[in-house]
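Dear colleague,

I am passing on a structure that you have not worked with before, and I would be grateful if you looked it over alongside the notes that follow.

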Amino acid sequence: MTGDTSPITESDLLAYADGLLDDDRRTEIERHLADNPVLAEDVGHWRRQNETLRELYGHVARETVPARLSAHRMAHRVKAETNRNWRMAAAAVLLVTAGAVSGWFGRDMMAAGSLADSSMISEALAAHSLYTREVLHPVEVRGDQEAHLAAWLSKRLDRPLVIPDLRDEGLTLVGGRLLPANGGAAAQFMYEDDGGRRVTLYVVPTQNGKETSLRYVAAGALESFAWTEATLGCALVGDLPKERLQEIAVRAYRQLS
Amino acid sequence: MSQFLDQVEDCVPALRRYARALTHNADLADDLVQDCLERAIRKSSLWRPTGPLRAWLFRMLLNIHRNELRHRRRAPDTMPMTDLVAEPQVQSASPGRLALAETARAMQELPADQREALLLIAVEGFSYADAAAVLDIPVGTLMSRLGRARATLRSLTEEGGPKLRTMK
């Protein structure tokens, strides 16, 4: 192009050795290396490093992939597992209703470890029903003190919490509150749309750290989408069409993960 | 979904190669890939990455690997070093064999961040931009990391000079 070449840096030389330069720059570097045997030796060495590393590890990619690493097989298993969780959660919701009548029986079933997720959803549904109909005191800390709310609940749940911003979904933050859960603490965030319809997000610390996909549970008029992240279990509850609630859940999930 | 799974499956050989090079242990490496794929499949029910799938998968694999290293550091390391060094397959007694074994050993001694970066470029053939995205660092940082990695590797493999020449 023109004679004014930009100074040659180590990055240029690395890119030259890795074959990641365009033609013009490559020609310039070649000219430069011809006059600088020490640099040319470095570049030659880097290229031999690349060859050696490829020789050292390249064969792994040519091995037959073990069956346990088949993505299709794994997807099949994950789907089966999700369906099973869904059925357990649905059963748990029935048990909550039954538990109101039959006392300890339902509670005992809920205590089973395999139902931990289902128990989270039940708690989320119960907290939603209890507080969304509150007119005077729906929350402990109001949404206009969002920073304080986040700091307070992060401290009580002992992990950094992000309060999802759902304004793009037409939902403003009403506020949040602290709730008891399994001898520890949980948090509830409440949101409201223009029509005054309320959606709550229930967040509880988890220890097992197993991530799950989104699960859907319907309980009467209420519906919930729940998921588990590395350190948090979350359940979004509302009385909205399923697709709409899922959209909100995905948006919350992305901000929390 | 099926197309997404096909694309994921196409990345598996390279993921296994990277995992093996990071761990120098075939079983640990495949466990790592399995965790990575499972997480990818669970996440895919919610959203798909907008960028290249390959970089997304590598980034996830690396995060799991780093997490596991953090956990293992607390517990005593149960892996015998001899296994690690002997693991990569080398050709039988050829002149290059010594160089390969030496490089394998040197890769083990390389600081983790340098090893992660160098393998993405030298073995996996990522562009600098994609490798920087996998490592979640700016391209400038990647370049200086690669420069350090190459210098360290060289001083560790150079004849008669197994000592570090530069440590910046």
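The crossing of H1(B) and H2(B) is right-handed, a crossing being called right-handed if the near helix is turned clockwise from the far one by less than a right angle and left-handed if anticlockwise. The two elements are helix H1 (residues 2-23) and helix H2 (residues 26-44) of chain B, which pack at an angle of about 145° with their axes 8 Å apart; axes are lines fitted to C-alpha atoms, for helices over the stretch in contact, and angles run from 0 to 180 degrees between N-to-C directions. Helices (H or I, at least four residues) and strands (E, at least two) are DSSP runs numbered from the N terminus. On the side of H1(B) the contact includes B:Phe4, B:Val8, B:Val12 and B:Leu15, and on the side of H2(B) it includes B:Leu28, B:Leu32, B:Val33 and B:Leu37, where two residues are in contact if their C-beta atoms, placed from the backbone, lie within 7 Å. The residues of this contact divide into 13 nonpolar, two polar and three charged (Ala, Val, Leu, Ile, Met, Phe, Trp, Tyr, Cys and Pro count as nonpolar, Asp, Glu, Lys and Arg as charged, and the others, Gly among them, as polar).

Before going further, please note that this is a predicted model, in which local features need pLDDT of at least 70 and side-chain atom pairs count only at pLDDT 80 or more, while totals for chains, interfaces and linings use all residues. Residues are numbered from 1 along each chain as its sequence is written, and chains are lettered from A and ligands numbered from 1 in the order in which they are written.

In the loop between H1 and H2 of chain B lies B:His24, whose phi is near 55°, a positive value in a residue other than glycine. Is B:His24 buried or exposed? B:His24 counts as buried because it has 21 C-beta neighbours inside 10 Å, the rule being that a residue is buried if 20 or more other C-beta atoms lie within 10 Å of its own, exposed if 12 or fewer, and partly exposed in between, with C-beta atoms placed from the backbone.

Chain B as a whole has eight helices and zero strands, and of its 168 residues 36% count as buried. Helix H6(B) is mostly covered, with eight of its eleven residues buried, among them B:Arg115, B:Glu116 and B:Leu119.

Turning to the interface, 38 residues of chain B are in contact with 35 residues of chain A. H1, H2, helix H5 (95-109), helix H6 (112-122) and helix H8 (139-157) of chain B each supply at least two residues of the side that touches chain A, and the largest share, ten residues, comes from H1(B). That side of chain B divides into 22 nonpolar, six polar and ten charged residues.

In chain A, seven strands form an open sheet in the order E1-E2-E3-E4-E7-E6-E5, with antiparallel pairing; two strands pair if DSSP finds at least two bridges between them. The edge strands are E1 (141-142) and E5 (215-219) of chain A, each of which pairs on one side only. Helix H7 (residues 146-157) of chain A packs on the sheet, touching E1, E2, E3 and E4 of chain A, and its direction makes about 20° with that of E2(A). Helix H8 (residues 242-256) of chain A lies across E4, E5, E6 and E7 of chain A, running at about 150° to E7(A).

The loop between H7 and E2 of chain A holds A:Asp158, where phi is near 60°, again a positive value in a residue other than glycine. A:Asp158 is exposed, because 11 other C-beta atoms lie within 10 Å.

On confidence, the predictor gives the complex an ipTM of 0.84 and a pTM of 0.61. Chain B averages a pLDDT of 82, and 74% of the residues score at least 70, pLDDT being the predictor's confidence in each residue, from 0 to 100. Among the elements of chain B, helix H4 (residues 81-86) has the lowest mean pLDDT (44) and H6(B) the highest (97). The value stays under 50 over residues 76-93 of chain B and also over residues 160-168 of chain B. Where pLDDT is low, the predicted coordinates should not be read in detail.

With kind regards
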